[in-house]
Amino acid sequence: MAASFELLKNDKGHFHFSLKTASGDTLLRSETYEAKASAEGGIASVKKNSTDAARFEKLQASDGRAYFNLKAANHQIVGTSPLFAKAETRDAALAAVQAEAAGAAVHDHS
């Protein structure tokens, strides 16, 4: 699987990015940024921090679905996964982020 980042601009002029699998499934999504440069910095942070297992936080939503956050060294969340029905599926997505984010291409659709 060759994951890639998609950088997007919404109708209000704000930016966000997603890390997606080759088949288009979302592995991780960012917060919304006012500036494109900030979103690009977020992508760089995901690339840098995704190789460190200690930067991932495995969580469970109130409805029981599993998800994870990726945090930077300053403990700020740089990306959040979608919600998954099973912890095993979350863990597989987390492993894909660890394996592929650092080398993922960036597709600018903004």
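This is a predicted model: local features need pLDDT of at least 70, side-chain atom pairs count only at pLDDT 80 or more; totals for chains, interfaces and linings use all residues.

Analyst: In the hairpin of β4 and β5, where five residues lie between the strands, G64 takes a positive phi near 95 degrees. Residues are numbered from 1 along each chain as its sequence is written, and side-chain values use heavy atoms, with hydrogens and water left out.

User: In what sense do β4 and β5 pair, and over how many bridges?

Analyst: β4 and β5 pair in the antiparallel sense over five bridges, where pairing requires that DSSP finds at least two bridges between two strands. Within that pairing, the bridge partner of L59 is Y67 in β5.

User: And what does β5 do with β6?

Analyst: β5 and β6 (residues 77-80) also pair in the antiparallel sense, over three bridges. N69 has T80 in β6 as its bridge partner, and K71 stands opposite I77 in β6. These two strands form a hairpin with five residues between them, and H75 in the turn has a positive phi of about 75 degrees.

User: Is β5 mostly covered or mostly open?

Analyst: β5 is mostly covered, with five of its six residues buried; buried means under 20% relative accessible area, exposed means over 50% and partly exposed lies in between, using a 1.4 Å probe and protein chains only.

User: Which residues touch the most other members in the largest nonpolar core?

Analyst: That core has 24 residues, and F5, F17, L19, L27, V46, F68 and V97 touch the most other members. A nonpolar core here is a set of buried Ala, Val, Leu, Ile, Met, Phe, Trp, Tyr and Cys residues joined through side-chain atoms within 4.5 Å. At least two residues of this core come from each of β1 (4-9), β2 (15-20), β3 (26-29), α1 (36-49), β5 (66-71) and α2 (87-100), and the largest share, four residues, comes from α2. As general background, nonpolar side chains tend to be buried together in soluble globular proteins.

User: What does V97 touch?

Analyst: Leaving aside residues up to four places away in sequence, V97 touches L19, L27, S50, F56 and F68, with contact meaning heavy atoms within 4.5 Å.

User: Back to the phenylalanines, then: how are the rings of F5 and F17 arranged?

Analyst: The structure has three aromatic pairs by the rule that ring centres of Phe, Tyr and Trp (its six-membered ring) lie within 6.5 Å, with planes under 30 degrees apart counted as stacked, over 60 as edge-to-face and the rest as tilted. The rings of F5 and F17 have their centres 5.9 Å apart and their planes at 70 degrees, so this pair is edge-to-face. The pair links distant parts of the chain, with F5 in strand β1 and F17 in strand β2, twelve residues apart. Both F5 and F17 are buried, and together with Y33 they form one aromatic cluster.

User: Changing topic, how many salt bridges are there?

Analyst: A search of the whole structure finds six salt bridges, each being a side-chain nitrogen of Lys or Arg within 4 Å of a carboxyl oxygen of Asp or Glu. One of them joins the side chains of D108 and K36, at 2.6 Å from N to O. This pair links distant parts of the chain, with D108 in strand β7 (residues 105-108) and K36 in helix α1, 72 residues apart. D108 is partly exposed at a relative accessible area of 40%, and K36 is also partly exposed, at 29%.

User: Last one: where does A3 sit, and what does A3 touch?

Analyst: A3 is in the segment before β1 and counts as buried at 8% relative accessibility. Not counting residues up to four places away in sequence, A3 touches L19, K20, T21, L27, E100, A104 and A105. The C-alpha atoms of A3 and V106 are separated by 9.5 Å, although these residues are 103 residues apart along the chain.
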